[in-house]
Protein chains: 2
Amino acid sequence: MTADLVAVLVAVTEGTPKIMTIAGGSALPSGPFEFTHRSLQTALRAWVEAQTGHPLGYVEQLYTFADRGRSGDAKGPHSVSISYLGLTREDRVGEGFEAHWSGWYDYFPWEDHRAGAPAFLAKTIAPKLKTWAKAAPSPTLQRERWQRCAITFGLDDRDWNEELVLQRYELLYEAALIPEAGRGHGHEAPVVPGKPMTADHRRILATGIARLRAKIKYRPVVFELMPAEFTLLQLQRSVEALAGRLVHKQNFRRLIEQQELVEETGAMAADTVGRPAKLFRFRHAVLAERAVAGTKLPLSRT
Amino acid sequence: MTADLVAVLVAVTEGTPKIMTIAGGSALPSGPFEFTHRSLQTALRAWVEAQTGHPLGYVEQLYTFADRGRSGDAKGPHSVSISYLGLTREDRVGEGFEAHWSGWYDYFPWEDHRAGAPAFLAKTIAPKLKTWAKAAPSPTLQRERWQRCAITFGLDDRDWNEELVLQRYELLYEAALIPEAGRGHGHEAPVVPGKPMTADHRRILATGIARLRAKIKYRPVVFELMPAEFTLLQLQRSVEALAGRLVHKQNFRRLIEQQELVEETGAMAADTVGRPAKLFRFRHAVLAERAVAGTKLPLSRT
DNA sequence: CATCTTATGCTCACGGAGAGTATAAATGGT
DNA sequence: ACCATTTATACTCTCCGTGAGCATAAGATG
């Protein structure tokens, strides 16, 4: 038996959340776990450093799952995959490394609601889900299926819940609306937009996004994705990029400041449009001061 | 390489949270992962069922960690341990099974604040931590250490945060105040009350408790630990048992009822003191109705 | 100088959470 | 029968976090 590490490495560049990919963007970076390290965390850090040429900031374990040999042989070589979420900055990649960054909404276009709900959600996905729901054997099951769809995708006037990334992916998978769910029928036309990935890598990515979207609400992890100095608007844009939805500007600032998460550097942002903004830096002290330093997003419904 | 499953199986009986143990209460149930199962979850379920004679309710993965051979050989047989949290009921144990249930506060006596903060916290633990903090090389580090202690243990007039179970355990471990941290000095006298466990099992248990304490606040998982019918006070007592602190009765009921988590059975509780209480049952429908059905605990500061 | 854009300060209303008061319905003892 | 005790259950009140909007300041641009 073998153990593999799979990494969801996240960076945010100019309002776009990105993940590190290999194989032309069709897989997450992964590799065998070397037992020469003291722990899984250090193994992952060393490995990422070797790949990207830069140490990793925040690291968190995501999930472990077992595979029964993808080659089809029932008794073949089995493996355990241990997935991690890591936060960095894109510009940290060293020289001569072939780290590839892909926008994460390339894989989950339906997750970006910053400009409102994507049109194809109501136009394409919802009808397909409805069809799938109606294909259930009994009326009760049909209703239950549709209820699940409506809840996870915010249909029927329900609110969009940005944290249900994994549930949405799994629903689409179950409804066979994405290529990964291909049931041996050869290659069907992609019914739902979004780039697929090898094996269950897109599921792992969904897990990572979901975890991160939940985490930014109660832990100051966004700062791991920011440069040393930033304006409050830049910070807000990063949060919005991750959450996939807009935030109420004034309330966001109120929250950040009243929690004393940042301090002014004294300098002002250069080359900007409009009134120049103060530059801030993260107050690393808060990590020691508080056990839970929340950043509950002040979401706006517009 | 091998993969092991370690289970934190929780039940609540008469206001006491319990965990399933083996080896006279000195270890969590664990065993090798059989690759004959489709997933880790099903493997765990099957395995627990074989051990206890009863299917498992709620199951959730906790954490995966790697061991570099406990026997001391640096290149010896390595293994990956995958830990799970499972919720059941004690009375579900079948015939002829030797499931042993131990109160979880036997292992973490400082975590039970239902009758106020335990006396030995201020009398024994706090001074020891202070000594440890003062042993840091520089004044700055000394202050940082003590700040950490004060935050995690709610000292210096800080609030007790029941979710920091793991942080507290790791702090005690770091300060060498618990037997597991024994640094080869043979066996010292236990400086802090609480039953130790084999290897890092107590750490895993701490992880499980922390996870559960966090979860009951936003997911209706308590019901997995309740009998089919229960009174609201029984439900409250279970929550309090898990959280290790008391709850405001009226507000608790308001919360449960306004969220429509339960429905009356029509019957009343028998053989009770005082005014008889209505019996309720969990409305399983809410699991389908809502994505997030919270039970934010209405904690009281008394 | 008008206009656009972004920054930043302030107010308001609503609802949830913590806390307390009051009343009802049972039991057991005297 | 009456009272103390225990538990159940219904309301009320206050405070504050949160969502939302208004207003003003300070730059750039034409």
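Trainee: Which residues does Thr152(A) touch, not counting those up to four places away in sequence?
Mentor: Keep in mind that this is a predicted model. Thr152(A) lies in helix α3 of chain A, residues 139–153. Setting aside residues up to four places away, its list of contacts is Trp160(A), Leu164(A), Gln167(A), Arg168(A) and Leu171(A).

Trainee: How far apart are the C-alpha atoms of Thr152(A) and Leu164(A)?
Mentor: Leu164(A) is among the residues that Thr152(A) touches. The two are 12 residues apart along the chain, and their C-alpha separation is 6.3 Å.

Trainee: Is Thr152(A) buried or exposed?
Mentor: The cut-off for buried is under 20% relative accessible area. Thr152(A) has 9% relative accessibility, so it counts as buried.

Trainee: Which backbone oxygen does the side chain of Thr152(A) reach at 2.9 Å?
Mentor: There are two backbone oxygens to look at here. The one at 2.9 Å belongs to Arg148(A).

Trainee: Which residues touch the most other members of the largest nonpolar core?
Mentor: That core has 64 residues. There is also a second, separate core of 63 residues, including Val6(B), Phe65(B), Leu232(B) and Phe280(B). In the largest one, the residues touching the most other members are Val10(A) and Phe153(A).

Trainee: Which tryptophans does Val10(A) touch?
Mentor: Leave out residues up to four places away in sequence, and Val10(A) still touches a list that includes Leu85(A), Leu87(A), Leu212(A), Leu225(A) and Leu242(A). Also on that list are Trp101(A) and Trp104(A).

Trainee: What share of the residues in chain A is buried?
Mentor: The secondary structure of chain A comes to eight helices and eight strands. Of its 302 residues, the buried share is 49%.

Trainee: Where in chain A does pLDDT stay under 50?
Mentor: Chain A averages a pLDDT of 85, and 86% of the residues score at least 70. Where pLDDT is low, the predicted coordinates should not be read in detail. For the stretch under 50, the model has seven contacts beyond four places in sequence; that stretch is residues 69–74.

Trainee: Over to chain B. How large an arc do the buried residues of α4(B) cover?
Mentor: The buried residues of α4(B) are Val165(B), Arg168(B), Tyr169(B), Leu171(B) and Leu172(B). They are on the same side of α4(B), because the arc they cover around the axis is only 160°.

Trainee: What do the buried residues of α4(B) pack against?
Mentor: Their partners are helices of chain B, with residue ranges 119–134 and 139–153 for two of them. By name, the buried residues of α4(B) pack against α2, α3 and α5.

Trainee: Which residue's backbone nitrogen does the side chain of Glu180(B) reach?
Mentor: Glu180(B) is in the loop between α4 (165–174) and α5 (201–215) of chain B. With a relative accessible area of 16%, Glu180(B) is buried. Its side chain reaches, at 3.1 Å, the backbone nitrogen of Met197(B).

Trainee: What is the relative accessible area of Arg202(B)?
Mentor: Arg202(B) lies in helix α5 of chain B. Beyond four places in sequence, its contacts include Tyr107(B), Phe108(B), Trp110(B) and Glu180(B). Arg202(B) is buried, and its relative accessible area is 0%.

Terms used
Residues are numbered from 1 along each chain as its sequence is written. Chains are lettered from A and ligands numbered from 1 in the order in which they are written. This is a predicted model: local features need pLDDT of at least 70, side-chain atom pairs count only at pLDDT 80 or more; totals for chains, interfaces and linings use all residues. Side-chain values use heavy atoms; hydrogens and water are left out. A nonpolar core is a set of buried Ala, Val, Leu, Ile, Met, Phe, Trp, Tyr and Cys residues joined through side-chain atoms within 4.5 Å. Buried means under 20% relative accessible area, exposed over 50%, partly exposed in between (1.4 Å probe, protein chains only). Contact means heavy atoms within 4.5 Å. Helices (H or I, at least four residues) and strands (E, at least two) are DSSP runs, numbered from the N terminus. A polar contact is a pair of N or O atoms within 3.5 Å; within protein, one must be able to donate a hydrogen and the other to accept it, and residues adjacent in sequence count only if both atoms are side-chain atoms. The arc is that of the directions from the helix axis to the C-beta atoms. pLDDT is the predictor's confidence in each residue, from 0 to 100.
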